[in-house]
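The sequence and model come first.

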There are 2 protein chains.
Amino acid sequence: MPVSLVILTQPGDARPRRVLTVAAGTSILTAAHDGGVDVTATCGGRGRCTSCRVKFIEGTIPPPTIMDEIQLGDDLVREGYRLSCQCTVTEPITVQVAPPLDEQAFQILGAGPGVGGLGVRIDAGIAKELVKVSLPREEHHQTSDLEQLAAAIGVAPESVGPSVLAGLPQALRDDPAGVTVTTFVSGSGPAGAARTVVAVERGDTTAMKFGLAIDVGTTSVVTTLIELESGEQLASVSSLNPQAVFGGDLMSRIAFAQFNPTNLRKLQTRIVGLLNQHVAEVCRTSGVLPKWIYKAVVVGNTCMHHLLLGIDPSHVGLAPYAPVMRHAAVLPARELPLKIAPEARVCLLPLVAGFVGADAVAVALATRLADSPALRVAVDIGTNGEVLLGSRERLLACSAPAGPALEGAQIRHGMRGAQGAIDKVTIDHDVHIHTIGETPALGICGSGLIDLLAGLLAAGVIDWTGLIQVEARDSLPPALRGRVAMRGEERVFVVLRPGEAGARAEIVLTQDDVRQVQLAKGAIASGIAMLLHVAAVPLERVEELLLAGGFGNYLSILSAIRIGLIPALPVGRVRYVGNAASLGAQLCLLSEAERARADTIASRIEHVSLAAHPDFEQLFVDAMNFPRG
Amino acid sequence: MPVSLVILTQPGDARPRRVLTVAAGTSILTAAHDGGVDVTATCGGRGRCTSCRVKFIEGTIPPPTIMDEIQLGDDLVREGYRLSCQCTVTEPITVQVAPPLDEQAFQILGAGPGVGGLGVRIDAGIAKELVKVSLPREEHHQTSDLEQLAAAIGVAPESVGPSVLAGLPQALRDDPAGVTVTTFVSGSGPAGAARTVVAVERGDTTAMKFGLAIDVGTTSVVTTLIELESGEQLASVSSLNPQAVFGGDLMSRIAFAQFNPTNLRKLQTRIVGLLNQHVAEVCRTSGVLPKWIYKAVVVGNTCMHHLLLGIDPSHVGLAPYAPVMRHAAVLPARELPLKIAPEARVCLLPLVAGFVGADAVAVALATRLADSPALRVAVDIGTNGEVLLGSRERLLACSAPAGPALEGAQIRHGMRGAQGAIDKVTIDHDVHIHTIGETPALGICGSGLIDLLAGLLAAGVIDWTGLIQVEARDSLPPALRGRVAMRGEERVFVVLRPGEAGARAEIVLTQDDVRQVQLAKGAIASGIAMLLHVAAVPLERVEELLLAGGFGNYLSILSAIRIGLIPALPVGRVRYVGNAASLGAQLCLLSEAERARADTIASRIEHVSLAAHPDFEQLFVDAMNFPRG
């Protein structure tokens, strides 16, 4: 699918405006080079420097990647800068090439302090070294393979993971070059902190060092494969959580598991199975071998966390909603089992409360909510979303159980933000849609739903209570009028008729779909209102509202405000930051200092229980309605 | 099967000699009480005191139990004292009741220093306490079940084993009495040493605290269930190692596993499966639940150790016979998996070399070989036996690969020392046998084989080269003459004809059986000779020779000397100490100080490699022949 890419070069260039036609999915850097436009890429396009950065002039600015955050920092990201090597073209855009940088700006991350605004230095805690282990040749020796290895790298034999031992004798004798030993040092501790040996491989494999950032949501699961030295994102895969067949929301899933070890085991097996499919997929895409993955960071809400570990979540679902554990756990991959290096460290970020999980901690970490003197709000939109309100002084969080509607689930023609999903909608005299990949429409995803409802509200197709105006349709423009209908007992709005925009089948929005979105946005809006209420600050004091969630490239701030998903702040003070939970996991994957910081953040977050608050009921009922516009 | 028991009471008793007829398998104490003989049993017959001790006057003195060793000490044990509560009647015996003791002698072990000659204080490292954990009742809490538990017992949340978490919320809420928390503190370290939580159970289960001592031999596997507070042995089970179908000796088993992960896995699965059968059996016998078993100590040779852990033993079988690891490993039971408490600590004793394993360390520990100024030899007879020579000054060890003959394997009518096995043989003008349990003979076990060969040598049925004297049989007494025969190409000695001593089928000793015993005793005798040679000490300097191995109750020292299994020391300087490897495991099970001591012993043992020694070949060939009598 060809897309137009306009590149504005630097002043003084003979051709200041270059119009290219590129295949959707090509990176801006590759497209520029293929089109003969000079864009400096000092690190070779691996996200290790800032030289290829571009500023978005027209078109949707994609959420920043972890490398955008690390290399460019918060300020440049907010101004619309992105690394052209990390950013693919999916729709017509215009970007401005940045002026060339001096040599200084190129810096191998991991070798020194990070250059980015987040101040993150890459240090995943994983080190590989090529070691020649001397083995005794005569029989009176009083040693073992393990002791020789441990002595060569300066650790105690006990610090070598047990599954490393199985293949150790062969590895030590197979390659005259030696063995590559992979170690992990936890946390941001002192240089003398205990090292664990997580792998021993024959020959020199020091160049192969990968990790996984895993975001286990109630509805969606996202796994990202990252090179641990550069931070380069090699592959990412997203799927529906297969536990959903046992219940779409947390409460029904807890009810299924409740006091029933077999069902608990089923839920655990499903999620572990999916993660292993993800491992296989990101490895196939990238050519990385699973045994080269030595670290994984997992975020998720408390229930997802417990189910992944096989812990009975029954009491998470019963007042007072106590989690079974909260601390940051690190376990060997073989214990899940996750099919990467058996002794790879799987790090689960800490939890806060029964309904404020590691995902909330990851969002707080990625948005730097606790670092700024300014009061800011972060909203993570998901089936079990969270709302955070904070500054350097104080950090409050509550759950916002939006349900799966905004992830496209339990919506008649809903779907995830994958190819063919309607992700943008505008309505004037008729409906205009855009699909991901610009392919024929298959369904509608969360950002499309928000746009659609905003448009229908503005056009008067639905009223502030959410009712589709079947009776009053005659006052609508003719094209819209024809789309409003009763189907039996059901009110519907026909978004696409078969054939429209290449749609093979009809795509409709039902009255019930509208109600699902109202529940979702009501949960989030009332969460925001409750935190402001508890903190006793007026909305005006909020300097910035950060909207997070897995919406792909696009979420319209104006539409979100129009439907009342978020309060009516000036649009410049609202920013869509992408999947911040996954970004937080990526930060902890790439930096043990960040992982230690997650612990501090978790202990700082004050949990506000909505259900226990006497004022909540009224807030929620109010928030269910749409703003009267 | 009734057996006669003669009890000599104390001087002044009206009836100084009481003759009882008791069922075989009854404990001496029970038999005495049932027969109206007063024997003091201050602790109630649980092995916790010394008041019920008896001295053996006639009949075979059984090998000491762990409680004999702990309570009575080395000197009394050597003089023929045993605890009557720990000792069952299996053949006609005469015992003398000890004089009553003052109150002082009764001491609950575990509460103070041990009273026994081994100086062992029972402290298995396992503690149980009943804890009431307070759980928050309101929803704004910032805690978790685990944190509340950890705070209640004063440990960090990380020290709670992961599989404890699965059932934690239920356990904490089920019983108003509270939960019983089981912790393990490793080694003999300071009071502040790290505690691991190995189990949390609803209600008060503090009285239930058990452990396993496991001796994994190449041919035989012995599992003993022990109460961890008193040291009482509740059940013991012994089986053939089921790995034997893949090779009877170590080298053939290594060859099977060699560089073949599937075969390695098969060997591991077999032994783990057997251990789990043993667990089920000792639990059924004793009424103990597997989940109440919190510690296990495993000893075995290096190859058995590696196979149990799934470690490739290929290089243990190739010069220079390097073990993969040697250190004392502690792992949770779930990792094998051993079906006891999932987080129970499975402690493997340390190894010394490829062919000197944890069993040798356990023998050195149990025999106190390294504690005495006297130079002593300990011989552990088994398929892969070891010989140790040592004193306070120095400790040498070598392997003695005797093969399975003395465990009754690879012998035509061989069997383990179980009911129906011929365990004693005397030969005068004819053959006289005794069977274990005094039931009809089913086969012949190790001690019976040694007796049989000693008798046949004395009678001239076999000559010093081991040849059965078919050609010269006419010079034998008529009854023996009729038992020497050719069967086709094969020379045999008919031990029992069908019907003799109740035997259902013929039991013979073949020429090849004799050769197998010659190989076995040659390996052991040459091992002893080699250590004396390396240490440059004459046989006369050896003050005591301790014979260990799983021969059940009986091994004739005189027969062992007659066939040259051990050198011709004065019979008073040779002692049969029973299964010392298992005894060592039991010591480490009951005492973390002893387990720490095993580490010291392992590091002190100097390994002597027989195969690498230029003088070994000649020593071995000489040792294969029988002494000329």
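## Domain layout

In chain A, 45 Å separates the C-alpha centres of domain 2 and domain 4. The domains of chain A are domain 1 (2-105), domain 2 (126-202), domain 3 (210-348), domain 4 (367-403 + 518-624) and domain 5 (405-511); such bounds come from an automatic or database domain assignment.

## Model and numbering

The model is predicted: local features need pLDDT of at least 70, side-chain atom pairs count only at pLDDT 80 or more, and totals for chains, interfaces and linings use all residues. Residues are numbered from 1 along each chain as its sequence is written, while chains are lettered from A and ligands numbered from 1 in the order in which they are written.

## Contact between chains

Chain A places 42 residues in contact with 42 residues of chain B (C-beta atoms, placed from the backbone, within 7 Å). On the chain A side, α3 (145-153), α4 (162-165) and α5 (168-174) each supply at least two residues. Helices are DSSP runs of H or I with at least four residues, strands are runs of E with at least two, and both are numbered from the N terminus.

## A sheet in chain B

Chain B has an open sheet of 3 strands in the order β21-β22-β23, with antiparallel pairing; strands pair if DSSP finds at least two bridges between them. β21 (484-487) and β23 (507-510) of chain B are at the edges with a single partner strand each, so one side of each has no neighbour in the sheet.

β21(B) and β22 (residues 490-496) of chain B are joined by 4 bridges in the antiparallel sense. Within β22(B), R491(B) is the residue opposite M486(B).

How values were computed: Contact = placed C-beta atoms within 7 Å.
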